[in-house]
Structures are given as C-alpha cells and as structure tokens.
Amino acid sequence: MATLQLRDIRKSFGAFEVIKGIDLEIDDREFVVFVGPSGCGKSTLLRMIAGLEEITGGDLMIDGKRINRVGPADRGLAMVFQSYALYPHMTVRQNMAFALRLARVPKAERDRKVDEAARILQLEPYLERRPKDLSGGQRQRVAIGRAIVRQPKVFLFDEPLSNLDAALRGQMRIELLRLHEELNATMIYVTHDQIEAMTMADKIVVLQAGRVEQVGSPLELYHHPANLFVAGFIGSPRMNLMEAKVVETGPTGTSVALPSGPRIEVPIEGGTTANGDAVTLGIRPEGLRIDPAGPIAGTVALVERLGGLTLLHLTIAGSEPMTVQIEGSDATRTHDQIRLAVDPAACHLFDQAGQALPQHARHPLAA
Amino acid sequence: MRATPLQRLLSFIFGWGAALLLFFPIAWMVLTSFKSERDATSPGLFFAPSLDSYRDVFARADYLSFALNSVVISVGGTVLALLFAIPAAYAMAFHPTHRTRGTLLWMLSTKMLPPVGVLVPIYLLFRTAGLLDSRSGLVMIYALMNLPIVVWMLFTFYKEVPNEILEAGRMDGAKTAGEVWFLLLPLTLPGVASTGLLSLILCWNEAFWSLNLTSAGAAPLTAFIASFSSPEGLFFAKLSAASTMAVAPILVFGWFSQRQLVQGLTFGAVK
Ligand SMILES: Nc1ncnc2c1ncn2[C@@H]1O[C@H](COP(=O)(O)OP(=O)(O)OP(=O)(O)O)[C@@H](O)[C@H]1O
Ligand SMILES: [Mg+2]
C-alpha cells in the first residue's frame, strides 16, 4: 500500500525556481510516468520525492503522512538511477544485499531475498561478478534488483533505459511492465521518451518548465490534449499544427479556414469560439488520408517508408508543412502533387492562449 | 601510437637523466658513509670500505629510540591528519557550498607562510601547554602541517566518485558514516593510501619543527642527523652514516609501496 500526494511542491536553486508548484495524486499500485522536455525538472521532482533534494515549499505526503523532513532511507522508497550507480567494488550479490546488510537483516534471509530477486531478473549466473564485467542491460537489471530486494513502497526510476540500445530498451520496457504486474508496487518513472510514457504508464504527467501541463491516461492525453504543448509533445510523428481562422460556428461543429483557403469542419462544442477568431488547428498525421476530392492540396517533399507505415512530409502553399501517416506501403513519390481529406475526429482546435477547445465527443477509450 | 626511435632515445635520455640527478646525492651519501673520515672529503670512488662510521654513530647515540620516535610521530601525525581530512574532504566534495573553493584555497595558502614566521607563537603555546619535547605535541604539529595537502589530495580523489553512487547508498539506508566507510573509502582506497604514504614521507623528513620543539625525549631521526653536524666540526662520514640510517627505513618503505604511490598519484582513483 502506498499513495502519494504532492501539494504545491516547489523547488528553487538559489533565486532560480525550477519546480513551480506541483499538485499531484498518485494511487496505490499506479505506474506513473513523468514526461517532458530536457530541463523541465523531471529529475528534480523525482529526487525531491526520493529525499535526495530538499523541498523548498509545499507538502509531500506518503500514505497521508507528511515526509518533507524524513531522510531518504526512512521513506521506504527505492530508486534506480540513469547511470545505474552500482557499487563498483562489490559483486552483484553484494550490490543487491547492501541495503539489507545496512538494515542488519540476517545473512540467510539476505541470501534468500537476493536469490529471489536474481531469479525474477534472470541474474542468477552473474551474482558473483562485479558491475564492470556486465553488459549495460545486465547492469540495469542489477540496479532494479537492488531496488526489489528492499520491497519498497514506491519504486522511482530516472530514465533507466536511456543508456541502452533501441532493441534492449524495447525488451526492458516489457520486463518492467511484467515486474510492475508481479510486484504490485507503485512506480514513478521519469523519461523524456514519449513512447516509453505511452506504453508503460497508467497515468502520464506532462511537465514543462517546472509546471504540470496535463495529467491523464496515455489515450486521454493522445486524444484529448489539454493544450498545444501536450498536443505537440505526445504522439509520434508529431501532431500537425497550423494557423487557421474560424469562419462558421454552429451547435454541431465549427468550420475553420486555412490561410490557403481550404475549409475544415471540426467537432467542437458550440459557443466556445466566434467567427473571425484566430485559432490553431491540430490534425494527427493518421487523421489525414490521400483523397483526390479532399480540401487540402500539397506537394510531397519527403517520403519515409517504414514498411508497415508510410510517412509523407508535405509542403502546403501558404501554410505550415504537414506530415501524413498512411497504413501499409504506399506508392506516392517525392514531388507528387496530392490532395488530402481530413478525419474530423482527429482534429483539435486551440485558442490564442494555446488551450484546447472542448470537443463534442470523448474518445471511447479515453473516458 | 608507437614512439619513433628518436622519441624513445629522447625519453631514455631525459628519464634516466632526471632519475640519476635525483638519485646522485643519496648514492653519494651512502658511498661516503662507508669511507673513513679521512677519505670522506675527497671525491675518490676508490677507497677501502669500512663500517667504522656506523660503529661510531651507534656508540654515540641511541639510534633505535630516535627511530621509534620517528615512527610514532609520523604515523600518529598521518593518522590524525586523515581523521580530520576524510570528513572535511567528503563535505567539500559532495556537499559543496559557494564558499568551498575559497576554503580550499585558504587552506593551501597557509602552506605559503614560512613556518619560521609562526615559530615563536607556537613555541610559546607549546611551552605553556607543556607539549615541548613531547611526541603528542609533534603529532599535532605534523597533522596540522600536512592537513591542507591531505585535504586537497583526498578532495581531488573524492571528486572522481560519481555522486549518484553515494546517493544510491543513501537510498539504501546508509547514513553519512556508512557512505564514507562502505562506499567512499573502498572506492578511493588507492588515493587514500597514496595520500597517507605521502604524508608519512613528509612527516618522516620534517626537520624544522622537530629540531625546534624537541630536545631529547621526543626527538625523531631528523634530530639524530642534525646532532652529527655539530660544533666539534664536520665529520662527513659519520654524518653520512647517520643520514643513511635515517632515510633507510623510509626508502625501503617507499620501495615497497611505490606501486601504490604511482597508481594513486597518476591514475584516477576509481577507474
Ligand atoms: N543543483 C542544481 N543547481 C542549479 N540548478 C539546477 C540544479 N539541478 C538542476 N538544476 C536546473 O533545474 C532544471 C531542471 O533540471 P532537471 O535535472 O530536473 O531536468 P530534467 O527534466 O531531468 O532534464 P533531463 O531530461 O535533461 O534529465 C534545469 O534547468 C537545471 O539546470
Ligand atoms: Mg533528468
């Protein structure tokens, strides 16, 4: 059992405020991912939860108790560092048993727990090796094993996979999910990789410049981004964003016009905009498809063929470039002139302040 | 990259040149110690070797008691310096404030003052405290004398330990003492050892304070040497014999610990 509450958490380094008031609830057994661009304060926030960084302001509660002033060892949390931070002079077994040794756990029990963790992480053959004789993935697993043996209330991960190559990263993602299932623990995971965030999280917290931009399930963030930042950050390839003008408002939808002329109907609740308002139109790349009768005309500047997917990068006269994602392998070639049709459900509107305008229907999986 | 023959020749010449230059005085001293007092002032290489000087030196002074003082004072001073320097360097390396750099420089700057500048106040302090000619007094003075260098060296070794390793230890439940004992010291052992060795050598060869603050009871080997460059006139053979005996232990010690020293002083402590 472990729940966390963050109430107006703040952090300043000298006069420089890095975390600018964060409120957050984390439920028991939840897998929460902090995601955001480099330097937004993810690590700082995680380190404050860990107790490695002093909290400048606000309350940090674990299971309802304020623990701002409790030392890192006494919070009952375990952390996996980006650099692994294994103890180089100790064997894998000693690394994993170190916390238990400090806690004066008897040797027999220590060995039992380490063996159990080694079994879960498939580290049994390496227990007597030193960290320098392990591969990156094995080191990563030792770092996780070191956390597991303590049976912490909450696991903290700071970009644990960023030093691994792509294939291993994919494999470790699955292993971490399996581990979450098996250990039934609350996990907080920091990454700047939105694929990791999308695939692993129960709840994503999008941070920017020390503030929370949006909190929600992966699909909620994907289908209903609260603002321009989240819209642009979540989803790969990025959402197409372009300047547009409202030309017609009605109860069922709003029509906007791109500077180059084409009109697009967006299912936005009525009464939120007026004719003539300048807005930003967002269209997911998979919401566009080639259609000779479509409203948008463009020239193909670049084709990326991924096999199962084809990405077309278009230039649009008088508007921002667009990316189109097509299922399967497509025959379109560079310099082709094509027209695009738009799936209204993949369209979003953002007002001048960058806030999303409420959509008519919620996506069924993003309640 | 392989060195060209010219590069190898040059490094041979300079390497051996420097080594011989440094070694020559010691070799000459040892050589002289085996000469008779009559031969000692002539630079000849051929003479009838004798142990007369050693016999005289032993007869005139209690070598062993001086040597024992040297050992006690050097080891004591080094241990005391490390005892203070390890926590100090830990604090400076891992919990720095904006004053840390300044503090380090200030510590080093105390080494720029000639010791004789503070001789009188220290002497008076020692006299009042009853520390004159006592081993504990010298242990204190030596520890203080080496503290800046020891802190500096440990600081640079500690700096190479990634902070995250200590933070991982903190998450695992280590308190400050545990961090230092279980993680920092084992990780920087070559560095700490070479720092200790250097401090030992500096203590062993220190003459200024030992000559001024001791008379007989606590006098180390440097005072033993000095007692042979005495008013009766210079007896080079005996002086050389005394010096040879004084530096012999530290030479032997240095010989055995040279790998440790070189490793600690030239390579990173953790790599
Ligand atoms: N000890 C410190 N002193 C001063 N500023 C700091 C300190 N640590 C972090 N910062 C600043 O705080 C901000 C947030 O840093 P943080 O490491 O939390 O970013 P991050 O989101 O983890 O980035 P990344 O994805 O690159 O790891 C940065 O602007 C950084 O420069
Ligand atoms: Mg970070």
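Chain B contains twelve helices and zero strands, where helices (H or I, at least four residues) and strands (E, at least two) are DSSP runs numbered from the N terminus. From the N terminus on, the order of elements is α-α-α-α-α-α-α-α-α-α-α-α. Along the principal axes, the C-alpha atoms of chain B fill a box of roughly 70 × 65 × 30 Å. The model is predicted: local features need pLDDT of at least 70, side-chain atom pairs count only at pLDDT 80 or more, and totals for chains, interfaces and linings use all residues. Residues are numbered from 1 along each chain as its sequence is written, chains are lettered from A and ligands numbered from 1 in the order in which they are written, and side-chain values use heavy atoms, with hydrogens and water left out.

Within chain B, helix α3 (residues 63–94) packs with helix α6 (residues 135–159) at an angle of about 40°, the axes being 6 Å apart. Axes are lines fitted to C-alpha atoms, for helices over the stretch in contact, and angles run from 0 to 180 degrees between N-to-C directions. α3(B) is therefore oblique to α6(B), the class left after roughly parallel (under 35 degrees), roughly antiparallel (over 145) and roughly perpendicular (65 to 115). The crossing of the two helices is right-handed, meaning that the near helix is turned clockwise from the far one by less than a right angle. The contact of α3(B) with α6(B) has 26 nonpolar, three polar and two charged residues. In this division Ala, Val, Leu, Ile, Met, Phe, Trp, Tyr, Cys and Pro count as nonpolar, Asp, Glu, Lys and Arg as charged, and the others, Gly among them, as polar.

Ligand 1 is surrounded by residues of chain A, including A:F13, A:V18, A:K42, A:E159 and A:H192; a residue is near if one of its heavy atoms lies within 4 Å. The shell divides into three nonpolar, six polar and two charged residues. Helix α1 (residues 42–50) of chain A gives the most to this shell, with three residues. Oxygen atoms of ligand 1 lie 2.4 Å from a side-chain N or O atom of A:S38, 2.8 Å from a backbone N or O atom of A:G39 and 3.0 Å from a polar backbone atom of A:G41. Taken alone, ligand 1 exposes 640 Å², of which the protein buries 59%, by the Shrake-Rupley method with a 1.4 Å probe.

Two backbone features were noted in loops of chain A. A cis peptide bond, with omega about 0°, joins A:S236 and A:P237; A:P237 is found between α8 (228–233) and β11 (240–249). A:N184, in the loop between α5 (166–183) and β8 (186–191), has a positive phi near 55°. Most residues other than glycine have a negative phi, and most peptide bonds are trans.

Conventions: A polar contact is a pair of N or O atoms within 3.5 Å; within protein, one must be able to donate a hydrogen and the other to accept it, and residues adjacent in sequence count only if both atoms are side-chain atoms.
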